[in-house]
Amino acid sequence: MKISKKLFRLFLFVILNLILFISPSFAQYFTINRYHSDITIHPDSSFIVQETLDITFHQPRHGIYREIPFKYRDELGKILKTPTKVLSVKDASGREWKYKVSQRDHIINIRIGDPKRFVKGRQTYVIAYEVENAILFFDDHDELYWNVTGNDWKASIEEASANVSLAIKNTSRNLWTACYTGGFGSKESQCGYETFDNGGKFLTNRRLNSGEGFTIGFGWDKGLVSPPSSWKKFLWATNIRENWVFLFPPFAMIYMFLLWNKRGRDPKVRESITVMYEPPKFDNKPLTPGEVGTLIDERLDPRDITSTMVGLAVKGYIKIEETKKEGLTQKD
């Protein structure tokens with residue numbers, strides 16, 4: 001059976017498109033050539049992460065998304081919050097990338113790129129952020145257990161590495177290190193590590209496919225890093241930073257009470273009271289009987305209204321007349 005040239009060309013076109021679609025480089029918009037992270041741990045147990053991503057775009061795109069979890073559930077089912085603050089996003093030369101930070105469920109999403117500008121080819125993204133409450137404090141040592149890359153990338157990572165250092169004065173006599181590769185919960189260790197003074201280096205031995213990540217463990221002697229204070233833990237547990245607006249009503253109530261206690265209460269007069277034959281004045285105008293009566297007992301009584309009417313009659317604003325009407329037995 002002979003196949004026409006037109007049909008053959010159509011068949012070849014479909015096959016080529018299927019190959020391009022199935023090919024990882026085209027199914028993914030980009031490939032991460034190198035993913036490196038520098039982690040600096042401070043004495044107060046907070047640490048700064050600086051990630052450098054060397055990326056090749058296979059087709060023009062606006063940029064990338066970086067998702068960082070800030071809520072975890074431990075083995076006992078307890079939710080652990082790690083407050084995270086994005087500090088900067090720059091390129092290889094130090095120029096700022098446009099980015100927008102948003103929060104969704106347990107993820108902090110960093111949208112990097114200009115919506116009005118496309119990028120292509122090889123690009124570098126340097127992401128810096130601060131993390132708190134992520135250090136694990138055990139009985140015999142303290143430890144950072146950190147997923148360097150995350151497992152949500154829809155692209156392969158050719159090489160992943162991390163450097164961890166303790167920014168403290170004293171030197172840890174013992175250092176604990178471990179690393180893992182693969183999907184979520186994987187115990188595969190296709191990676192290597194080495195330690196130096198108060199630090200460690202970690203490097204993968206294979207490419208990470210889409211959905212795979214690189215996790216490291218780095219431990220040191222106790223007493224070199226201080227755990228978070230009880231006050232900080234309270235703020236993290238109550239989520240005050242995100243729900244600070246709910247603190248306004250009680251603080252406003254306390255402020256108004258103090259203001260009333262200082263300026264709103266009637267003064268305690270211990271000296272003899274001077275008799276005044278004229279009504280008190282406000283803004284050089286005498287107060288009405290109703291206003292004076294209300295100020296004395298802080299309420300408006302019927303007699304205050306009556307006295308105000310009489311006062312208006314005395315000033316000539318109204319006229320009061322006595323009316324008589326006949327009754328059944330006598331005239332009233």
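**Helix pair**

I started with two helices, α5 (residues 289-297) and α6 (residues 302-314). Their axes come within 7 Å and cross at roughly 155°. Angles over 145 degrees count as roughly antiparallel, so I noted α5 and α6 as roughly antiparallel to each other. I also looked up the hand of the crossing of α5 and α6, and it is right-handed. Next I listed who makes the contact. From α5 come Pro289, Gly290, Gly293, Thr294 and Asp297. From α6 come Arg303, Asp304, Ser307 and Thr308.

**The whole protein**

I reminded myself that this is a predicted model. Then I stepped back to the overall counts. The protein has 6 helices and 18 strands. Of its 332 residues, 30% are buried. I also checked how far contacts reach along the chain. Taking contacts between residues at least 6 apart in sequence, I found that 68% join residues at least 24 apart.

**Aromatic rings**

How many aromatic pairs does a search of the whole structure find? I got 8. I looked at Phe218 and Trp220 in detail. Their ring centres are 5.9 Å apart and their planes stand at 40°, so I wrote the pair down as tilted. The reasoning is simple: planes under 30 degrees apart count as stacked and over 60 as edge-to-face, and the rest are tilted. Are these two residues buried or exposed? Phe218 has 0% relative accessibility, so it counts as buried. Trp220 is at 0% too, so Trp220 also counts as buried. I then found a cluster in which ring pairs link Phe30, Tyr35, Phe57 and Trp153.

**Charges over rings**

I looked for charged side chains placed over rings. The charged end of Arg61 sits over the ring of Tyr29, at 3.7 Å from the ring's centre. Lys187 lies over the face of Tyr180, and here the distance to the ring centre is 5.3 Å.

**Two strand residues**

I picked Ser88, which is in strand β6 (residues 84-90). Its relative accessibility is 15%, so Ser88 counts as buried; the cut-off is under 20%. I left aside its neighbours within four places in sequence and listed its contacts: Glu96, Tyr99, Val126, Ile127 and Ala128.

My other pick was Thr124, in strand β9 (residues 119-131). Which residues does Thr124 touch, not counting those up to four places away in sequence? I wrote down Thr52, Leu53, Asp54, Lys90, Asp91, Ala92 and Trp97. I followed up on Asp54. Thr124 and Asp54 are 70 residues apart along the chain, but their C-alpha atoms are separated by 4.7 Å.

**Positive phi**

Last, I checked backbone angles. Most residues other than glycine have a negative phi.

Asp105 has a phi near 55°. I found Asp105 in the loop between β7 (99-104) and β8 (107-113). Its relative accessible area is 65%, so I marked Asp105 as exposed.

Asn198 is not a glycine, yet its phi is about 55°. Asn198 is in the loop between β14 (191-196) and β15 (199-204). Is Asn198 buried or exposed? At 8% relative accessibility, Asn198 counts as buried.

Technical notes. Residues numbered from 1 in each chain as written. Predicted model: local features only at pLDDT ≥ 70, side-chain atom pairs only at ≥ 80, totals over all residues. Heavy atoms only, no water. Phe/Tyr/Trp six-rings, centres within 6.5 Å; stacked < 30°, edge-to-face > 60°. Buried < 20%, exposed > 50% of the residue type's maximum accessible area, 1.4 Å probe, protein only. Lys NZ or Arg CZ within 6 Å of the ring centre and 35° of its normal. Axes fitted to C-alpha atoms, helices over the stretch in contact; angles between N-to-C directions. Helix = DSSP H or I, 4+ residues; strand = E, 2+ residues; numbered from the N terminus. Parallel < 35°, antiparallel > 145°, perpendicular 65-115°, else oblique. Left-handed = near helix turned anticlockwise from the far one by under 90°. Contact = heavy atoms within 4.5 Å.
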